[in-house]
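Hello,

Here is the structure we spoke about. Please have a look at it, then read my notes below.

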Amino acid sequence: MAEFIPVNEPLLNGNEKQYLNECIDTGWISSEGPFVKKFEAEFAKVVGRKHAITVSNGSVALDAAVVALDIQAGDEIILPTFTIISCGAAIVRPGGIPVVVDCDPITWNMDVTQIEEKITPKTKAIMVIHIYGLPVDMTPILEIADKYGLKVIEDAAEMHGQTYKGQPCGSFGDISTFSFYPNKHITTGEGGMIVTDDDSLAEKCRSLRNLCFQPQRRFIHEELGWNFRFTNLQAAVGLAQLERLREFVQRKRKMGAIYTEALSKIPQLELPPVKTDYADNIYWVYGMVLKDDVSFDATEAMQRLKEQKIGTRPFFWGMHEQPVFHKMGLLKDVSCPIAERLSRRGFYIPSGLALTEEQMNQVIVAVKSLF
Ligand SMILES: *Cc1c(COP(=O)(O)O)cnc(C)c1O
């Protein structure tokens, strides 16, 4: 009997072990260790930014980014509804108001044509989130931000190594963030990064990450921060992973091509586009959506795949459908029909970097058997 195929397994067979051993041998395991600065410098170079600031994960990277931009109670931030809770939470915690737009049905990214109509005198920022492997169409967003004097927060958690019109994702926001969770293209177990070209935003984020200790008088605080520090152990793994980013993206694209080749013959499925006018898909995950004439939904499809030992995950559940926000009186009576459909009919199949072709073939057979 074949073994269960998990939805994700990372690839850790580069210099990870060697660098981790260096941490142990030198005794440097805390956030003060030398790999942290090295990883930040290398990461900044890859994304083409002046500053890169490691943090504990991609969710808190967003928390710090929103606070660094001085979002206050009542300030509105426009974001796609179809995203992870981290994005909505980062806005709501300091009292910001999330204002959502629906998705583009083909790329699953935010529908940029809906942004301008949502702008009010209270709008302070647009939070752009690149979803599942294709970047958001940035040019119109940057134009709108410029026209209305809005800040751009760019969540590039799923976009390591991706570009938009040839420029690295993560280089577009006033402040941009990444995650190194094990299902991202590069991982540090848990971890995140904030990048920016703005010196004062960078300083603010470094301070927020470290409890807002002041250099002059360590235990006297003008502001409240968090302990979002990243360890030398994480940075050691991150540096080894970053060395292979190009190879990892190629590997993901090859996996995407194999899946697309096999699954595009199934008429009941909507698959991710191989490319758009401005980018080739990097398949952070390989998602699919059941067409409307399919009699079952994603929950049932995932259950049936599980019975065949195939791991899956459902698509995001829109921010406007989150009970937690409704209880706070937020995003009630909002309708985003495209996102609602994706949440119910979409799921993704195993697409981690350690997946073998043999496993992919097993997945393909199982998906075909659904119909
Ligand atoms: C993974 C992810 C996050 C959260 O990152 P964590 O490191 O898991 O906290 C945030 N935004 C997006 C778009 C993500 O995919």
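The notes cover the ligand site and then the aromatic pairs.

This is a predicted model: local features need pLDDT of at least 70, side-chain atom pairs count only at pLDDT 80 or more, and totals for chains, interfaces and linings use all residues. Residues are numbered from 1 along each chain as its sequence is written, and side-chain values use heavy atoms, without hydrogens and water.

The ligand is surrounded by 13 residues (a heavy atom within 4 Å). The closest are Ser59, Asp155, Glu158, Ser179 and Lys184.

The side chain of Glu158 places a polar atom at 2.5 Å. A side-chain N or O atom of Ser59 is at 2.6 Å. Gly58 uses a backbone N or O atom, at 2.7 Å. Alone, the ligand exposes 380 Å², and the protein buries 92% of that (Shrake-Rupley, 1.4 Å probe).

There are 24 aromatic pairs in the whole structure (ring centres within 6.5 Å). Tyr164 and Tyr278 have ring centres 4.9 Å apart and planes at 50°, so this pair is tilted (stacked is under 30 degrees, edge-to-face over 60, tilted the rest). Tyr164 lies in strand E6 and Tyr278 in the loop between strands E10 and E11, so the pair ties together parts 114 residues apart in sequence (strands are DSSP runs of at least two residues).

Best wishes

Note on methods: A polar contact is a pair of N or O atoms within 3.5 Å; within protein, one must be able to donate a hydrogen and the other to accept it, and residues adjacent in sequence count only if both atoms are side-chain atoms. Rings of Phe, Tyr and Trp (its six-membered ring) pair if their centres lie within 6.5 Å; planes under 30 degrees apart count as stacked, over 60 as edge-to-face and the rest as tilted. Helices (H or I, at least four residues) and strands (E, at least two) are DSSP runs, numbered from the N terminus.
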